[in-house]
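Open the model in your viewer and keep the selection tool ready. Each stop below says what to select and what is there.

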Amino acid sequence: MITVFHFSVPVKKYQYLLTMIFVTEEINRNPKLIPNKSINFSFSPSTCDDSLIIVSYLLSREIKRIILPNYHCEINECGLSFTGPSWERSSKIGTFLSIIFNIGQVRLCDIHYGPFNSVLSDRLQYPYLYQIAPKETMLPFAIVSLMLHFNWIWVGLVISDGDQGIQFLSDFREKMQGNELCLAFVNVIPLNMDLYNTRAEKYYKQIVTSLANVVVIYGELNSTLEVSFRRWANLGIHRIWVTTSQWDVITNTGRDINFDSFYGAFTFSNHHHEIPNFKKFIQSMNTSQYPIDFSVLRSEWMYFHCLDIESKCRTQSKCALNNSLKWFASQGFDIAMNDESYNLYNAVYAWAYAYHAMYYEQVDVHPITSLCVPDCSKFYHTMKNIEFINPIGDLVTINEKRKCDADYDIFYISNYPQGLGIKVKIGQFTSYGSFGQQLYLSDEAIEWATESRQIPSSVCSETCKLGFRKFRHEGNAACCFDCFPCPENEISNKTDMDQCVKCPINQYASLEKNHCLQKTMKFLAYEDSLGIALACTALCFSTLTAVVLGVFVKHKNTPIVKANNRTNSYILLISLKFCFLCPLLFIGHPTTAKCILQQITFALLFTVAVSTVLAKTITVVLAFRATAPGQKLRGLLVSGAPNFIIPICTLIQLVLCGIWMGTSPPFVDTDEHLEHGYIIIVCNKGSDTAFYCVLGYLGSLAIGSFTVAFLARNLPDAFNEAKFLTFSMLVFCSVWVTFLPVYHSSKGIAMVIVEVFSILASSTGLISCIFFPKCYILLIRPSKNTLKMVKKNHIVQPTDF
């Protein structure tokens with residue numbers, strides 16, 4: 001039985017009413033659930049909002065009031081009211097019940113079938129008000145998970161100015177922390193309409209000027225928040241709306257919403273199984289059995305959806321309200337249960353199961369007549385702790401301590417050209433799933449619902465690409481930044497990196513600075529063109545020196561060869577031959593042995609060469625001074641004293657090299673920073689002081705040889721080398737004086753090249769200035785290489801000692 005106190009029911013409330021009719025008839029058909037009783041209810045819809053107050057009570061199955069088989073019973077049942085979906089209406093009813101309970105014959109408690117609200121959980125203020133909906137503590141995290149999936153890092157938030165809205169804001173911000181998500185703006189819409197009107201323009205400008213393409217809305221309908229939402233939609237604000245199921249734009253906005261004004265909407269609805277017989281019941285129900293004016297439903301449905309239906313109704317008999325709602329279903333009337341309808345369905349079953357539990361508890365203890373005047377306090381205590389499995393297999397509990405967090409179905413509401421919206425389930429969020437796997441979205445469903453369109457992004461700044469890093473300005477939100485290229489030899493191999501990463505020491509950054517490349521080992525190699533050129537030059541001059549040595553050996557008995565001690569000439573040529581080969585130790589992959597041999601060989605060979613030049617110069621001086629009248633230097637010349645200059649000078653250099661090798665020998669060194677993309681491998685001198693001491697000693701020998709040769713430059717020059725020795729030492733000293741600053745300012749392979757070039761240049765200067773003129777006489781002008789020419793020039797020939 002249905003008692004109606006207000007016959008004009010707005011179209012939005014028909015779903016709750018139809019749900020109540022369905023569930024009461026379903027329970028009444030089950031004699032085992034509430035024996036000998038039938039559920040009856042009356043309803044009173046509010047005219048100012050979507051609230052619908054339903055008061056339900058029990059009657060005997062056999063007769064309505066007094067006459068029962070075998071006993072007499074007065075009507076004095078424990079009533080129950082169902083209020084919602086607005087929590088404010090439930091709050092008022094709950095406050096009223098706490099006052100009137102236990103006064104007179106009033107026995108009534110209330111179940112709120114709207115979304116769970118923590119305000120209504122205050123048992124002191126609302127002792128007889130219960131909530132059937134699951135908790136929504138995971139809703140902020142579910143929305144944040146959706147934002148992370150679509151990379152929405154810059155979103156707006158619109159909430160009502162109330163405890164529930166502020167709590168949601170706090171939880172939402174907490175879940176956003178650590179995920180690099182930011183709020184572009186927060187509109188806290190005041191509940192007072194007059195106050196809202198003074199700030200409406202500010203809220204509008206804030207959302208229009210924001211770069212956020214996604215706006216999260218949280219709050220109740222029939223409030224200033226809904227007024228604000230409708231105003232923004234009608235003014236053509238293009239945004240993606242993310243909200244809960246009560247904001248479903250298909251079932252809650254009506255025809256005055258502008259579907260062209262938004263990209264789409266994502267709604268979170270509490271997950272529950274579909275009630276299989278509900279749609280069939282609605283489509284086949286006989287409306288004449290119920291004292292409700294369903295004509296209002298048709299007129300309002302036409303107004304909110306399709307004005308041209310009325311013209312079709314004139315030609316279609318099915319349009320007439322022929323005691324069936326099947327026509328409404330064919331026209332798109334949403335007859336599926338939404339969250340509030342499903343909560344109402346469970347609330348009625350909770351009442352039935354509570355009565356069932358109390359009935360079987362008392363039937364064996366008290367006479368059956370005791371149920372005519374039940375203990376309502378005990379009944380309500382039973383009901384607030386009731387927990388059961390509803391007919392479709394979902395667990396339902398009223399006790400808030402055992403109430404679970406809700407799972408959510410995620411729907412996408414898309415816009416079609418004809419101005420109609422379609423709602424498609426695209427995924428699900430499971431509150432108790434493993435971390436990272438709680439959100440599931442179907443790519444196929446998203447592609448179908450969005451018509452293969454890409455979901456718009458919502459960012460404050462464009463993503464920093466690979467090779468760039470974020471640069472945040474002080475005072476700006478963390479999501480607003482500029483993108484700067486990574487510094488030298490640093491990379492960013494992910495987008496939106498806060499800091500670039502340095503490449504390992506053996507790698508270098510690519511030109512795009514998005515990955516590290518392995519550095520190439522670089523040294524003066526034989527494969528390089530310069531290495532080949534220097535090696536060929538060294539081999540050619542070494543061969544040329546060997547040829548000169550062969551020429552001198554072949555003409556060893558000629559005056560020009562015998563002059564100035566031919567043994568010293570042989571020693572000088574042999575040392576120069578190895579000096580030309582010395583650069584080969586500088587070419588190729590450096591090793592410790594090669595690094596040591598480089599310096600020892602270079603130092604000793606050039607010491608031998610320069611000391612030989614010094615010996616030859618002294619020999620020239622002694623030779624001409626020993627033959628002069630009254631000179632006593634002939635003994636030195638005859639004894640071969642100048643020949644001791646070579647081993648003595650070489651021994652001194654050998655000692656210096658020994659000290660060098662013993663204290664800080666050369667070693668293989670690498671330089672990863674000198675040249676981009678390369679690891680330079682060179683020989684480190686070990687001790688620069690020792691190196692320059694060796695080089696300084698060599699220079700002192702060269703300066704000594706130059707000085708002696710310069711003083712002997714005016715001696716008769718038919719076979720006198722003094723001038724050639726002077727010039728050769730001048731070239732030698734010039735090369736090494738130039739070498740010092742150039743070598744000191746060079747790095748890496750350039751140092752090796754400078755040293756090799758100096759060795760080749762100084763060796764070439766010695767052989768060219770000393771031996772080429774003699775080879776010219778030996779090979780081209782042999783006529784000058786005779787004693788006759790000597791006597792002709794009145795020159796005293798120094799003896800070959």
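Select helix H21, residues 688-711. Its 24 residues, at 1.5 Å a residue, should span 34 Å, and the end C-alpha atoms are 34 Å apart, which agrees. The expected span is 1.5 Å times one less than the number of residues. Helices (H or I, at least four residues) and strands (E, at least two) are DSSP runs, numbered from the N terminus.

This is a predicted model, where local features need pLDDT of at least 70, side-chain atom pairs count only at pLDDT 80 or more, and totals for chains, interfaces and linings use all residues. Residues are numbered from 1 along each chain as its sequence is written, and side-chain values use heavy atoms, with hydrogens and water left out.

Stay on H21 and colour its buried residues. They are Ala690, Phe691, Val694, Leu695, Tyr697, Leu698, Leu701, Ala702, Ser705 and Ala709. Buried means under 20% relative accessible area, exposed over 50%, and partly exposed in between (1.4 Å probe, protein chains only). An α-helix has 3.6 residues a turn, so residues three or four places apart point the same way.

Next, select strand S27, residues 678-684. How many of its 7 residues are buried? The count is 5, and the strand is mostly covered.

Together the 3 strands form an open sheet in the order S25-S27-S26, with mixed pairing. S25 and S26 stand at the edges with a single partner strand each, so one side of each has no neighbour in the sheet. From one strand to the next, the twist averages 30 degrees. Two strands pair if DSSP finds at least two bridges between them.

Look at each pairing in turn:

- S25 (residues 520-522) runs parallel to S27, joined by 3 bridges. Find Thr520, whose bridge partner in S27 is Tyr678. Met521 stands opposite Ile679 in S27.
- S26 (residues 667-671) runs antiparallel to S27, joined by 5 bridges. Asp671 stands opposite Ile680 in S27.

Then follow the hairpin of S26 and S27. There are 6 residues between the strands, and Gly677 takes a positive phi near 85 degrees.

Jump to helices H23 (residues 749-770) and H24 (residues 772-780). How do they pack? The angle is about 40 degrees, and the axes are 4 Å apart. Axes are lines fitted to C-alpha atoms, for helices over the stretch in contact, and angles run from 0 to 180 degrees between N-to-C directions. H23 and H24 are therefore oblique to each other. Under 35 degrees counts as roughly parallel, over 145 as roughly antiparallel, 65 to 115 as roughly perpendicular, and the rest as oblique.

Show the side chains there. Ile767, Ser768, Cys769 and Ile770 in H23 meet Phe772, Pro773 and Lys774 in H24. The residues of this contact divide into 5 nonpolar, 1 polar and 1 charged. Contact means heavy atoms within 4.5 Å. Ala, Val, Leu, Ile, Met, Phe, Trp, Tyr, Cys and Pro count as nonpolar, Asp, Glu, Lys and Arg as charged, and the others, Gly among them, as polar.

Go to Lys470 in strand S19, residues 468-471. Is Lys470 buried or exposed? At 6% relative accessibility, Lys470 counts as buried. Leaving out residues up to four places away in sequence, Lys470 touches Glu180, Cys464, Phe481, Asp482, Asp496, Met497 and Asp498.

Select helix H1, residues 14-28. Of its 15 residues, 13 are buried, so H1 is largely enclosed by the rest of the structure.

Finally, zoom out. The chain has 25 helices and 27 strands. Buried residues make up 51% of its 801 residues.
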